Amino acid sequence: VRFGKKVIEVATFRSGNIDEEELITRDNNWGSPEEDALRRDFTINGLFYDSDKGSIIDYFGGVDDLQQHLLKTIGDPNLRFKQDPVRMIRLLKFMARFELNVDPDTLKALESCRYEIVKSSPARILEEILKMLESGSSAPFFKLMQKHGFFKILIPKLHDCLCAPQNEKIFSYLREADKLTTHPSSPSLQRGTLLACIFFPILEKKVQNFFLEKGCLANLGDIFLIAQDLINNVIASSFSHFPKKLKGQLLDILITQYRMTPLKSRIVKSKKILNHTEFTSSLQFLKIRSLIDDKLLNTYNSWMQRKNKQIPENTPPSKEKLNTR
């Protein structure tokens with residue numbers, strides 16, 4: 001409903017058989033407020049507000065659970081998760097964002113129903129994960145996804161990487177990204193930048209292994225192939241299909257790190273990098289790196305100065321791809 005310059009979203013009350021284990025595929029049956037609340041996932045999400053009386057309508061004790069910082073499903077948690085397995089991801093989202101405790105029966109159902117997650121829409125699963133990268137609570141969310149075995153089911157190669165020694169470095173990057181995301185004066189981080197927090201520590205390790213195996217430093221062409229292979233392997237194992245554009249952004253950001261901070265102490269003099277499409281995102285990620293390793297702070301400031309000095313405002317970014325050779 002349009003109200004002046006504002007848009008008010010309106011949803012009808014729904015009803016349905018909440019005792020069936022089948023996936024909810026149709027959602028358009030009219031119902032009463034209580035029937036609608038009965039269909040919702042958690043008690044804290046089953047609250048309504050009466051704007052005329054200025055009071056909260058609570059059918060299932062959601063206010064008490066909220067005050068106790070408790071997550072509990074409305075009805076049988078096993079049924080709830082089987083009807084819509086994405087609710088299990090939502091449970092972990094609430095835990096990560098608000099540090100809520102979980103009702104024992106709900107937690108038990110989470111463990112027993114987790115393989116139901118593959119019955120969900122792959123696109124919906126991916127969107128939930130990407131949204132949590134942008135939420136400012138990505139580090140605790142990814143830890144919970146790993147702890148409860150969801151990455152092992154949804155992205156097995158990522159699960160393997162998170163089990164490897166470099167996993168703590170990945171969480172360090174995510175924590176710094178979370179701080180920037182929640183900082184009021186910080187610009188929004190692009191999804192490619194946030195994904196780089198996961199992939200860059202793995203890429204660094206692979207580039208180090210290249211040196212140990214070949215006895216020489218990898219050049220940009222080598223790093224391009226290593227990064228491309230890494231992204232393709234992880235994404236190929238994924239339950240969800242990653243958009244081609246997002247994969248391209250991620251690859252550009254990873255490669256640009258080795259142009260900004262080359263393995264050999266050779267200064268990059270080309271101005272083309274400053275006008276590259278993903279330069280701003282790459283610079284954002286370099287900032288995250290400098291927050292973890294203060295030795296990179298001068299390098300980051302130097303690139304910022306070059307950007308501010310050589311790129312006038314409102315200059316459209318170049319669509320030219322980086323020369324990786």
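Helix axes here are lines fitted to C-alpha atoms over the stretch in contact, with angles running from 0 to 180 degrees between N-to-C directions. The model is a predicted one: local features need pLDDT of at least 70, side-chain atom pairs count only at pLDDT 80 or more, and totals for chains, interfaces and linings use all residues. Residues are numbered from 1 along each chain as its sequence is written, and side-chain values use heavy atoms, with hydrogens and water left out.

**View A. Helices α10 and α14 cross at roughly 115°.** Here we have α10 (residues 167-182) and α14 (residues 279-292), whose axes come within 9 Å. Helices are DSSP runs of H or I, at least four residues, numbered from the N terminus.

**View B. Lys179 pairs with Glu176 inside α10.** The two form a salt bridge, with the closest N and O atoms 3.4 Å apart (the rule: a side-chain nitrogen of Lys or Arg within 4 Å of a carboxyl oxygen of Asp or Glu). They sit 3 residues apart, about one turn of the helix. Lys179 is exposed at 51% relative accessible area, while Glu176 is buried at 16% (buried is under 20%, exposed over 50%, partly exposed in between, using a 1.4 Å probe and protein chains only).

**View C. Arg14, Asp36 and Arg40 join up in a salt-bridge network.** Within it, the Asp36 and Arg40 side chains meet at 2.9 Å, N to O. Asp36 is buried, with 2% relative accessibility, and Arg40 is partly exposed at 28%.

Technical notes. Helices (H or I, at least four residues) and strands (E, at least two) are DSSP runs, numbered from the N terminus.
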